[in-house]
Amino acid sequence: MRSAILSAALAASLAATAVADVRAEPPRDLPQITTERLEQAMRASFGYDRLPPELKARLDQDEVQRLCTQYRNEPPADVAERIQKLSAESIVFPPDGKFLGDWKKGEQLSLNGYGLRMRDDPRRQVGGNCYACHQMAPQEVSYGTLGPSLLQYGKVRDFDPEAIRTAYIKIYNSNAALACSSMPRYGTQKILSIEDITHVLAFLFDRDSPVNKE
Ligand code: HEC
């Protein structure tokens, strides 16, 4: 019995060593894949040449995406700073200075995951799909946990205008707040319009929104 446990432990540690070795030194006989070749393969698999411009844009990496890819989402401090700077520069604020739209529309957008897939109708409203990663209103029990819970988001921030502005920036371009964030860059990538973002913000910050109720 004892030796069975010991050999299981030995096998586990050998397996761990093997994995560690592979990661430390990739086998040399594998073909080297250049960035160009990778891009070519991606484009070919999505039929790039036949895509409408808004879907082509999904496959073209901008500088921020390129840097995050290059550093596998762990950029050194100076690159992270550049990513945040470029991202901040891309932000367009609401022209009328009004950050809060209609929370009911914001709720719909948060629940809605439609849009920007290959066969989605481009004339239909694209959703924010925020629930895929965040808890928001307490009544909704189906939500992802990749992002932090946004329960009571406005209330715990005393509905502070500065917090509203900060959240606008986060939603418009998450990389302005954190380089290589996994949250979509809704404004910069034209997933949501400025108006849509004000609706989603209202869902987080309106005093009447279910997000801020018990
Ligand atoms: C793919 C996952 C994902 C989606 C979808 C997503 N987020 Fe996030 N969000 C995150 C993560 C992860 C963070 C934590 C910070 C970071 O890593 O950027 C975050 C952070 C935030 C924050 C800041 C929270 C804080 O700490 O103050 C807000 C506000 C926010 N998200 C709002 C939204 C809204 C609104 C939507 C929909 C329009 C949305 N998010 C969609 C992943 C996501």
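What share of the 214 residues in the protein do buried residues make up? The figure is 26%. Keep in mind that this model is predicted.

**The whole chain**

Show the protein as a cartoon. You will find eight helices and zero strands. Followed along the sequence, the pattern reads α-α-α-α-α-α-α-α. Residues 24 or more positions apart account for 56% of them.

**The largest core**

Next, select Met-136, Ile-171, Ile-197, Val-200, Leu-201, Phe-203 and Leu-204. These belong to the largest nonpolar core, which has 24 residues, and they touch the most other members. Color three helices next: H6 (103–111), H7 (161–172) and H8 (194–205). Each of these elements gives two or more residues to this core. Which one gives the largest share? H8 does, with seven residues.

Zoom in on Ile-171. Leaving out residues up to four places away in sequence, Ile-171 touches Tyr-186, Ile-197, Val-200 and Leu-201.

Then look for another core, which lies apart from the largest one and has six residues. Select some of its members, including Leu-67, Ile-83, Ala-179 and Cys-180.

Move to helix H4, residues 63–70. Show the side chains of Val-64, Leu-67 and Cys-68, the buried residues of this helix. Why do they sit on the same side of H4? They do so because they cover an arc of only 100° around the axis. An α-helix has 3.6 residues a turn, so residues three or four places apart point the same way.

Now select helix H5 (77–89). The buried residues of H4 pack against H5.

Turn the view to the opposite face of H4. Facing away from the buried side are the exposed residues Glu-63, Arg-66 and Gln-70. Step just past the end of H4 to Arg-72. Here the backbone takes a positive phi of about 50°.

**Around the ligand**

Finish at the ligand. How many residues surround it? There are 22, and the closest are Gly-128, Cys-130, Cys-133, Gly-147 and Ser-181. Then color the shell by residue type: 13 of its residues are nonpolar, eight are polar and one is charged.

Terms used
Residues numbered from 1 in each chain as written. Predicted model: local features only at pLDDT ≥ 70, side-chain atom pairs only at ≥ 80, totals over all residues. Core = buried A, V, L, I, M, F, W, Y, C linked by C-beta atoms within 7 Å. Buried ≥ 20, exposed ≤ 12 C-beta atoms within 10 Å, placed from the backbone. Helix = DSSP H or I, 4+ residues; strand = E, 2+ residues; numbered from the N terminus. Contact = placed C-beta atoms within 7 Å. Arc of directions from axis to C-beta. Near = placed C-beta within 6 Å. Nonpolar A, V, L, I, M, F, W, Y, C, P; charged D, E, K, R; others polar.
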